Amino acid sequence: MPVDVRLPTVLRSQAGGQSTVSLDASTIGEVLSGLVAQYPGMSGQLLNDDGTLHRFVNVYVNDDDVRYLSALDTPVKDGDEVSILPAVAGG
Amino acid sequence: MLRLSKDLYLQMVAHCITGLPDEACGLLAGDTASGEAGVCYPTKNAAASAKLYLVDSKDMLRADRDAEDHGLAIMGVFHSHTHTDAYPSPTDINQAPDPDWHYVLVSLRDTHPVVRSYRIVDGRVTEESVVVLAHTRQAG
């Protein structure tokens, strides 16, 4: 299923300046591993060593934060918009 | 340099005071390069803590989309320190998400709020001046 993935500003330079990339995936996990396969430099910013979602990244399918759905197992279908934004935190 | 209208400045400080006793946070949108902030998005602190803040993820998405609809970009984040100075903590420095952003600290430790702004690049903190403009600017 082709899905559009909106990249956060901080990762766009690694995708040749593109703000949106299109790739084939059926789950959020496949979206992220697809991104990393195409742009290996993004790996450390999107995923932990154990393959789970990095805590300082938010991933959304349309309007929903995948952490409230099925995280990396969240399904994506044709035409869904996946958005990746920083999880902004401090103290 | 960070430039913002007095309305935006007051909105930011009011949100921080309203958030007490916890830290409050929000996003600024505008032109990253020029440092002119046009819109303030007060956001929920999902950490609900007097020591930590986490911009609620739904508020983040809403702000990002609204900024884009108005031809602006998210260009910074503000948050309050309830008992410490308006200077980025080690946590703030380690977790700064974007080297192009402006990082605004609002200290509520004294009677009057203190607002200071910084750039954080590769762990290095540089203070910048905050200029409050007399006139209200409309977004878009």
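Q: How much of chain B is buried?
A: Buried residues make up 41% of the 140 residues in chain B, where a residue is buried if 20 or more other C-beta atoms lie within 10 Å of its own, exposed if 12 or fewer, and partly exposed in between, with C-beta atoms placed from the backbone.

Q: And what kind of model is this, and how are things numbered?
A: This is a predicted model, in which local features need pLDDT of at least 70 and side-chain atom pairs count only at pLDDT 80 or more, while totals for chains, interfaces and linings use all residues. Residues are numbered from 1 along each chain as its sequence is written, and chains are lettered from A and ligands numbered from 1 in the order in which they are written.

Q: OK, how many helices and strands does chain B have?
A: Chain B has three helices and nine strands, these being DSSP runs numbered from the N terminus (helices are H or I with at least four residues, strands are E with at least two). From the N terminus on, their order is β-α-β-β-β-α-β-α-β-β-β-β.

Q: Which residues of α1(B) are buried?
A: The buried residues of α1(B) are B:Leu8, B:Tyr9, B:Met12, B:His15 and B:Cys16. They cover an arc of only 135 degrees around the axis, which puts them on the same side of α1(B); the arc is that of the directions from the helix axis to the C-beta atoms.

Q: What sits on the face turned away from that buried side?
A: That face of α1(B) carries the exposed residues B:Lys6, B:Ile17 and B:Thr18.

Q: And what do the buried ones pack against?
A: The buried residues of α1(B) pack against several strands of chain B, among them β1 (2–5), β2 (25–31) and β3 (36–43), and a contact here requires that the C-beta atoms of two residues, placed from the backbone, lie within 7 Å.

Q: Switching topic, where is the cis peptide bond?
A: A cis peptide bond joins B:Leu20 and B:Pro21, with omega about 5 degrees, and B:Pro21 is found in the loop between α1 and β2 of chain B.

Q: What about chain A, where does A:Asn62 lie?
A: A:Asn62 lies in the loop between β3 (57–61) and β4 (64–65) of chain A, and although A:Asn62 is not a glycine, its phi is positive, about 55 degrees.

Q: Why does A:Asn62 count as exposed?
A: Because A:Asn62 has 11 C-beta neighbours inside 10 Å, A:Asn62 counts as exposed.
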